[in-house]
Amino acid sequence: MSPTDPIVPRWEWRTFGAEVDGMKESLPGEFDGDAQVSQERYFLGPGGGNVKVRDDLIDVKVLREVNADGLERWEPVLKVAFPLATADVRVVVGALGCATPPLQRESYTLDEMRALFGGSVRELEIGKRRVRGSIGGCMAEIAVVTAAGETTRTFAIESEDAGAVGAALRDLGLTSTPNVSYPRALGEVLDRVRPRYAVIDVGTNSVKLRVAERRDGGLEPVVDRAEVTRLGEGLHDGGAISPTAASRTADAIAAMADEARLDGATAIAAVGTAGLRAATNSAAVLRTIEERSGVAVEVISGDEEGRLAYLAVRSGLPAAAGSLVVFDTGGGSSQFTFGEGDRVLERFSVPVGAVRYTEAFGLDQAVSADVVTEARAAIAGDLERIEHRRSPDVLVGMGGAVTNMTAVMLRLDPYVPERVHGAELSAEEVDRQIERYRSTDAPGRRTIAGLQPNRAEVILAGACVVRTVMELLGVRVLTVSDRGVRHGVLLDRFG
């Protein structure tokens, strides 16, 4: 809208469906005007907000009020052409209910605006053929709408006067028909043709969330993030998860579940790994999590964890051929899967995780080279199951230690999954990073470009595990997978 355009909020009522078909015939003379045909693009925000683009103009209306009769009062707040000024982008982001990202440009094209959303905003192109008329002094509209291959009809009545809209609905006998706005109707279309799913992976050191949308036969990421909660802090064999660790993990899961629901996930799958397998009070912790988040976490076996990791690797690195070993090292355990191409030959889990060795050898602090040698000897002893095996054609590593070390090697700040996935990590690079980490404490490590600050305490132990695996399997270079258990669960449950 230009500064001189009047702001005219209108009360609106709308319905969709086959019952609209006979509406025009039942109202002779009301819809005799010329039809208007348009192509429009709707952006649907995680909190229910929406904006529309038509004829290179962005049209923003904000829902201000819903009255006792279910009528909605929408207020126009912006209608301008691209490129958008920074102030206009702030209006768009606010209307969509998104957090305002850093705005570093003076103006934004449509594609540049779209990039700001980072996948959290759903997008749908629709075709409209509409005819307008007047009923009871209110503007009325009948339209044929095509979206995502589906065609439906919609009938709407709107006016600045809510009483006039209510009277028109009573005259038409439509007061019991629900009011369905465009954003709601289009969101239901997307839920049918592009459903979204979420996976929460509850590990010993961190909790990971991935939300993906089914599109073009695949699952496209919408959200992928992790939060270090240290569920396994102080946890030893035969021990219990502390109330503090359980509480902060439950809070993180609850926040992720809320985020997934806001992003339109129609189903949430949650799995727990080594920490929840080992703890004596797992049942109580799982109850706490479910009470706070409404999510039931399934504790999977180490064998199942390895299968899911292998599935994720094979889907994400299809070029990995020949004999293949996939290992996923976390805070409480490491999973190994041995295979040949798509065929799994053996998989198992061992209690080798970064949290355990960090606590046992004080690896969150600066330590001597001798302490590192002792820690690696202990790790090698616990990894005896992979000793004396034939070196694989390809070794693939995944998990926070591997991906963080790759980000440090590439000096990535912020983290870029596409650059990490498929990268190669050499034994020499791992040795270099071990030396760097052991020479400083956790606060010093937090200054290292590419290292997530909340990994500072456990990264030295994680690097020692990675290097020991490479040595025992006789491999000098490993391939990095940014995909993990959560990717495997998505494919297995929703793929």
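Let me begin with the residue classes: Ala, Val, Leu, Ile, Met, Phe, Trp, Tyr, Cys and Pro count as nonpolar, Asp, Glu, Lys and Arg as charged, and the others, Gly among them, as polar. The model is a predicted one, in which local features need pLDDT of at least 70 and side-chain atom pairs count only at pLDDT 80 or more, while totals for chains, interfaces and linings use all residues. Residues are numbered from 1 along each chain as its sequence is written, and side-chain values use heavy atoms, with hydrogens and water left out.

I turn to the pockets. On a 1 Å grid over the protein atoms alone, a pocket is an open set of points where a 1.4 Å probe fits, with protein on both sides within 12 Å along at least five of seven lines, and lining residues have an atom within 4 Å of a point. Grid points are joined across faces, edges and corners, and a volume is the space filled by probe spheres set on the points. Helices (H or I, at least four residues) and strands (E, at least two) are DSSP runs, numbered from the N terminus.

The largest pocket has a volume of about 1200 Å³. It is lined by 47 residues, and those closest to its centre are Arg210, Asp224, Asp482, Arg486 and His487. Among the elements that each supply at least two lining residues are β12 (206–215), α9 (302–316) and α17 (485–494). The largest share, six residues, comes from β13. By class, this lining holds twelve nonpolar, 22 polar and 13 charged residues.

The second largest pocket has a volume of about 760 Å³. Of its 33 lining residues, Glu12, Lys52, Asp59, Lys61 and Glu158 lie nearest the centre. Two or more residues come from each of several elements, including β1 (10–16), β8 (122–135) and α5 (182–193). β5 gives the most, with five residues. Here the lining divides into 15 nonpolar, three polar and 15 charged residues.

Next, the strands. Two strands pair if DSSP finds at least two bridges between them.

Leu324 has Gly339 of β17 as its bridge partner.

Elsewhere, β11 (residues 196–202) pairs with β14 (residues 265–272) in the parallel sense over seven bridges, with Ala265 as the bridge partner of Arg196. β14 is also joined to β15 (residues 297–299) by three bridges, again parallel, and Val271 stands opposite Glu298.

Finally, which angle do the axes of α12 and α16 make where they cross? The axes of α12 (residues 400–410) and α16 (residues 459–472) cross at roughly 100° and come within 9 Å. That makes the two helices roughly perpendicular, a term covering 65 to 115 degrees. Contact, meaning heavy atoms within 4.5 Å, is made by Ala401, Val402, Asn404 and Met405 of α12 and by Ile459, Gly462, Ala463 and Val466 of α16. These residues comprise six nonpolar, two polar and no charged.

Key. Axes are lines fitted to C-alpha atoms, for helices over the stretch in contact, and angles run from 0 to 180 degrees between N-to-C directions. Angles under 35 degrees count as roughly parallel, over 145 as roughly antiparallel, 65 to 115 as roughly perpendicular and the rest as oblique.
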